[in-house]
Each structure stands twice: as C-alpha cells, then as structure tokens.
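Have a look at the picture, then read on.

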Amino acid sequence: MASEEDYKLIVQIAKGDSKCFESLFSKYQNLIYGYSMKMLKNKEKAEDITQETWMRVIRNAGIYRPDASVKSWIMSIAGNLVMDEFRRNKKWIELTDEQW
C-alpha cells in the first residue's frame, strides 16, 4: 500500500504540481541514481536512466495505482530501464547446457 504522503504527491504531480514533484524527487533521487549506478557501473548511463525514470514518473503519475508503494513503483520503472539498457547492450551472458 502506498504511503499516504507519497500517494498525495503523485496525485498532485499528475495535476502538474512542480513543488510536489520536487518533494518526491528529493526523497528518492539518490536511491534511483545509486541503484542505476550499482547495476550499470557507468556514471553517464546511470544519469540517463535516472533522468528517464523521473520523466516516466511525471508522464505516468496519472495512471499510478496505489496497490504498491510509490517507492516500489518508481524503482520498478528504474529497474525496467536498467534491464532495457542491458538488452540494448547485450550484457547478458548466455549459458550453454554444459555450463549449467
């Protein structure tokens, strides 16, 4: 369940409230950047993923459903973007049957 404070912020962000966006951004910015940096080990890519995550938060605030926390929702956006980056750069290691 979404924290009441974060949920109120998302509702206001959906209405275009930049002060509410700044509050949410301040609260989770370091978490998103840290996660992206840990996963990608590349400052520029982590910054790009972080920026795109926030763009998607703004764009999709109106369709957020409070069945999960806002934090989880934002982190799932960042996680999906990181996975997209891995796919784009083929950073997956494919194992053969013998390696299993």
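Let's start with the rings. The model is a predicted one, where local features need pLDDT of at least 70, side-chain atom pairs count only at pLDDT 80 or more, and totals for chains, interfaces and linings use all residues. Residues are numbered from 1 along each chain as its sequence is written, and side-chain values use heavy atoms, with hydrogens and water left out.

**Aromatic pairs**

Five aromatic pairs turn up in the count. Rings of Phe, Tyr and Trp (its six-membered ring) pair if their centres lie within 6.5 Å; planes under 30 degrees apart are stacked, over 60 edge-to-face and the rest tilted. Phe21 and Phe25 make a tilted pair, with 5.8 Å between centres and 35 degrees between the planes. Both sit in helix H2, four residues apart, or about one turn of the helix. An α-helix has 3.6 residues a turn, so residues three or four places apart point the same way.

How exposed are these two? Buried means under 20% relative accessible area, exposed over 50%, and partly exposed in between (1.4 Å probe, protein chains only).

| Residue | Relative accessible area | Class |
|---|---|---|
| Phe21 | 18% | buried |
| Phe25 | 30% | partly exposed |

Elsewhere, ring pairs join Tyr7, Tyr64 and Trp73 into a cluster. Trp73 also touches Ile10, Val57, Asn60, Ala61 and Tyr64, leaving aside residues up to four places away in sequence. A contact here is heavy atoms within 4.5 Å.

**The overall layout**

The protein has four helices and zero strands. Helices (H or I, at least four residues) and strands (E, at least two) are DSSP runs, numbered from the N terminus. Of the 100 residues, 31% are buried. Among contacts with a separation of 6 or more, 60% link residues 24 or more positions apart.

Which residues of H1 are buried? In this helix (residues 4-14) they are Asp6, Leu9, Ile10 and Ile13. They span an arc of only 100 degrees around the axis, which puts them on the same side of H1; the arc is that of the directions from the helix axis to the C-beta atoms. Their cover includes H2 (18-40), H3 (43-60) and H4 (70-89). Just after H1, Gly16 takes a positive phi of about 95 degrees.

A nonpolar core is a set of buried Ala, Val, Leu, Ile, Met, Phe, Trp, Tyr and Cys residues joined through side-chain atoms within 4.5 Å. The largest one has 22 residues, and Ile10, Ile13, Leu24, Trp54, Val57, Trp73 and Ile74 touch the most other members. H4 gives the largest share of this core, eight residues.
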